[in-house]
Amino acid sequence: MKRRKHKVEYLKALVANDKGDVFDLDNYAATGADGSVLSPLTSSDCTPMPYGSEIMYLPDRKPVLWNIAKKNFETLHENPYEPGTPVFPAAAFNSPGYMISHTSSYEESADAGYLPLFSYGAVGWSEKKGFMTAVIQVDKERRQDLRLMKPEKIAAGIRKMQKAMPSNRLEKHLENCALKYGCPAGKNFFLGRYEAPLPTSRACNARCLGCISLQADQKIIPSSQNRINFTPSPEEIKEVALSHILRVKNPVVSFGQGCEGDPLLAADAIIPAISMIREKTDEGTINMNTNGSCPDILEGLFDAGLDSIRISINSVRKSCYNAYFRPVSYKFEDVLQSIDLARQRGKFVSINYLNCPGITDSPEESDELFKFLKNHRINMIQWRNLNFDPLRYMQTMNQAAPHSRPTGMKPLLEKIRKNFPQIRYGYFNPPKEKYGTSRHDA
Ligand code: SF4
């Protein structure tokens, strides 16, 4: 029997002019980068752009695209439709739950500064399906689907909470998160769904390159949120947490948000808050998103009733971890100790795996990740896109350790699934009611 050949549909390249208008090009295919490995994007290896994603243009950079007629990659120096005028690469910032398999493909101009703190996924245009992006869906839950967050319902939720806790500063802070920063976790608190944030910590003992709440020089990399400037009292934390736990099905409340430092450094407020919550109810999952730097402090949090932790890691190679997290008063070994302690205490442990195609899927990185997964029995990998300038990140990582030719993000995910079927994939912190129900959300 003869096999029918499928015609490959290249996605048309998307670029932007100097006004920021994005448009497609007839003779070029969109191109994705997996580190230094470039490939033209086709409709079969991309997904219609997830709802809520945004297309951005990249200033001070030139698109690298696949010239369909010449069958080679080409750097575009000017707008082919308006010769003499500049042209810029386009990229997609994809919705939560989707991990990028390729970054946008471009070259920096000599005077380029850092890109703002987003991930820059590859994007193209299909005549049949519209905008398409190079992503892998890792979580199907609609926890942060903007279609389910109607502004009038958020406003009503805010009014209700203002009435219920008129002098609670944490509630006020969350209003700002929901309305000013559009934070989906903040919105969910007022909507009474899924996971509510409990930002608490003003300080951090790391200096992550891509920290969104504090950057040493705002002119070089602007942080996208202001860090919380007060420490809520244990009573304020308890009031917000209990209001969520007592009205939501399978509720999660989480310390460690984008608008704070690391919650381990605010344990003096958090430990009594958790104790007060647990005096009132055993319901709800109390979670902490953290850098996992202080196992001793974590022990006290577990004693008080913390249920789960999510530890952020960009790499399990110490040199690469240090180059991104730039720990000030702890060591990578402390992070590993925290993971092991949590498992010994029977807690649910996720890693918040900050990935960047070209680095995460290099053989050196994936070999170490396999060793890590064998030695530290984590429950879940939350596959997160690293929100940092991809080329600058690659330079930093390549200085920290060797990375040879990447093998692809999709094959990496498949290989881990095959070898560690017990490890759950996802994007969101699961409630304890669902710890055992699904190995994989994707
Ligand atoms: S651990 Fe979190 S709060 Fe601390 S520097 Fe890194 S991103 Fe910022």
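Colleague: Is Lys12 buried or exposed in this model?

Modeller: The model is predicted. Relative accessible area decides the class, and buried means under 20%. Lys12 has a relative accessible area of 16%, so Lys12 is buried.

Colleague: Which side chain meets Lys12 in a salt bridge?

Modeller: Look for a Lys or Arg nitrogen within 4 Å of a carboxyl oxygen of Asp or Glu. Here the side chain of Asp26 meets that of Lys12, at 3.0 Å from N to O. Asp26 lies in strand 2 (residues 22-29) and Lys12 in strand 1, so the pair ties together parts that are 14 residues apart in sequence.

Colleague: How many salt bridges does the structure hold?

Modeller: The structure holds 19.

Colleague: Which one links distant parts of the chain?

Modeller: Take Arg169 and Glu236, whose side chains meet in a salt bridge of 2.8 Å, N to O. This pair links distant parts of the chain: Arg169 is in helix 2, Glu236 is in helix 4, and they are 67 residues apart. Now check each end. Arg169 counts as partly exposed, at 38% relative accessibility. Glu236 counts as buried, at 9%.

Colleague: What about a pair within one helix, such as Glu368 and Lys371 in helix 9?

Modeller: Start with the helix itself. An α-helix has 3.6 residues a turn, so residues three or four places apart point the same way. Glu368 and Lys371 are three residues apart in helix 9 (residues 363-375), which means they are separated by about one helical turn. They form a salt bridge, with the closest N and O atoms 2.9 Å apart. Glu368 is partly exposed, with a relative accessible area of 26%. Lys371 is partly exposed too, with a relative accessible area of 46%.

Colleague: Which residues do salt bridges with shared partners join into one network?

Modeller: Lys12, Asp24, Asp26 and Glu127.

Colleague: Why is helix 3 largely enclosed by the rest of the structure?

Modeller: Count its buried residues. Helix 3 spans residues 184-191, and seven of its eight residues are buried, so the rest of the structure largely encloses the helix. The buried ones are Ala185, Gly186, Lys187, Asn188, Phe189, Phe190 and Leu191.

Colleague: What covers the buried residues of helix 3?

Modeller: The cover includes helix 1 (151-164), helix 2 (169-179), strand 16 (195-197) and helix 4 (234-245). After helix 3 comes Gly192, with a positive phi near 70 degrees.

Colleague: Where is Leu146 found, and what does Leu146 touch?

Modeller: Leu146 sits in the loop between strand 15 (135-137) and helix 1. Leaving out residues up to four places away in sequence, Leu146 touches Tyr51, Gly52 and Lys187. Leu146 is partly exposed, with a relative accessible area of 39%.

Colleague: Which residues make the nonpolar surface patch?

Modeller: Val8, Tyr10 and Ile68 make a nonpolar surface patch of about 240 Å². Val8 has its place in the segment before strand 1 (12-16).

Colleague: Last, the ligand. Which residues surround the ligand?

Modeller: List the shell, then sort it by class. The ligand is surrounded by Cys204, Ala206, Cys208, Cys211, Arg227, Glu260, Gly261 and Asn291. By class, this shell has four nonpolar, two polar and two charged residues.

Definitions and conventions
Residues are numbered from 1 along each chain as its sequence is written. This is a predicted model: local features need pLDDT of at least 70, side-chain atom pairs count only at pLDDT 80 or more; totals for chains, interfaces and linings use all residues. Side-chain values use heavy atoms; hydrogens and water are left out. Patches are made of residues with over 30% relative accessible area and no salt bridge: like charges are joined within 9 Å, nonpolar side chains (Val, Leu, Ile, Met, Phe, Trp, Tyr) within 5 Å. Accessible areas come from the Shrake-Rupley method with a 1.4 Å probe; for residues, only the protein chains shown count as cover. Helices (H or I, at least four residues) and strands (E, at least two) are DSSP runs, numbered from the N terminus. Buried means under 20% relative accessible area, exposed over 50%, partly exposed in between (1.4 Å probe, protein chains only). Contact means heavy atoms within 4.5 Å. A residue is near a molecule or strand if one of its heavy atoms lies within 4 Å of it. Ala, Val, Leu, Ile, Met, Phe, Trp, Tyr, Cys and Pro count as nonpolar, Asp, Glu, Lys and Arg as charged, and the others, Gly among them, as polar.
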